[in-house]
Amino acid sequence: MEKLKKYFEFSGTINGLNYFLRNLLSSFLAFIGGYMVGYGLASTEMGIATLGFLILAPTIWFSTSTIYKRAKALFAESAAMITIGILVAQLLVQFTQDSFGPIINLGLIIFGLVMIFKNSKIENHEG
């Protein structure tokens, strides 16, 4: 359990490859959890919807800690603000899909590529 704990903590830093792989895993789990929630609510199967929520809750925490760890590796002094900014931008995209959604999405894609490919000054990432 101790090894698993480090993936959900907000301490340490990660490199670009780990950031990419963690985002891939959290996207896959969020898809499964979201599908289960939607299916459970549409078919009034509350057990399936509850299981979906139980999958989504740690997935959101894992994704947030992943963003913070990579932002801390690249921009140590403003990692918390960058994490909050990315999360707010991801929420805004959902509500502004017709107007500003594509512009925000483009910004998120560009910043995501920076988070993946930019080299940090940290030699050994422990996160």
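In this predicted model, the buried residues of helix α2 are Gly16, Tyr19, Arg22, Asn23, Ser26, Gly33, Met36, Val37 and Gly40. An α-helix has 3.6 residues a turn, so residues three or four places apart point the same way. Among the elements that cover these buried positions of α2 are α3 (46-74) and α5 (101-117). The helix itself runs over residues 16-42, and its 27 residues reach 38 Å from the first C-alpha to the last, close to the 39 Å expected at 1.5 Å a residue. At the start of α2, a side-chain oxygen of Asn15 comes to within 3.4 Å of the backbone nitrogen of Leu17, while just after the helix Thr44 adopts a positive phi of about 55°.

A search of the whole structure for aromatic pairs finds five. One of them joins Phe10 and Trp61 in an edge-to-face arrangement, with 5.3 Å centre to centre and 85° between the planes. Because Phe10 lies in the loop between α1 (2-5) and α2 whereas Trp61 belongs to helix α3, this pair ties together parts that are 51 residues apart in sequence. Phe10 is partly exposed, with a relative accessible area of 32%, and Trp61 is also partly exposed, at 46%. Ring pairs link these two residues and Tyr68 into a cluster.

Glu126, in the segment after α5, is exposed, with a relative accessible area of 65%. Leaving aside residues up to four places away in sequence, Glu126 touches Ser11, Gly12 and Thr13. The C-alpha atoms of Glu126 and Ser11 are separated by 8.4 Å, although the two residues are 115 residues apart along the chain.

Key: Residues numbered from 1 in each chain as written. Predicted model: local features only at pLDDT ≥ 70, side-chain atom pairs only at ≥ 80, totals over all residues. Heavy atoms only, no water. Helix = DSSP H or I, 4+ residues; strand = E, 2+ residues; numbered from the N terminus. Expected span 1.5 Å × (residues − 1). Buried < 20%, exposed > 50% of the residue type's maximum accessible area, 1.4 Å probe, protein only. Contact = heavy atoms within 4.5 Å. Polar contact = N/O pair within 3.5 Å; in protein donor to acceptor, adjacent residues only side chain to side chain. Phe/Tyr/Trp six-rings, centres within 6.5 Å; stacked < 30°, edge-to-face > 60°.
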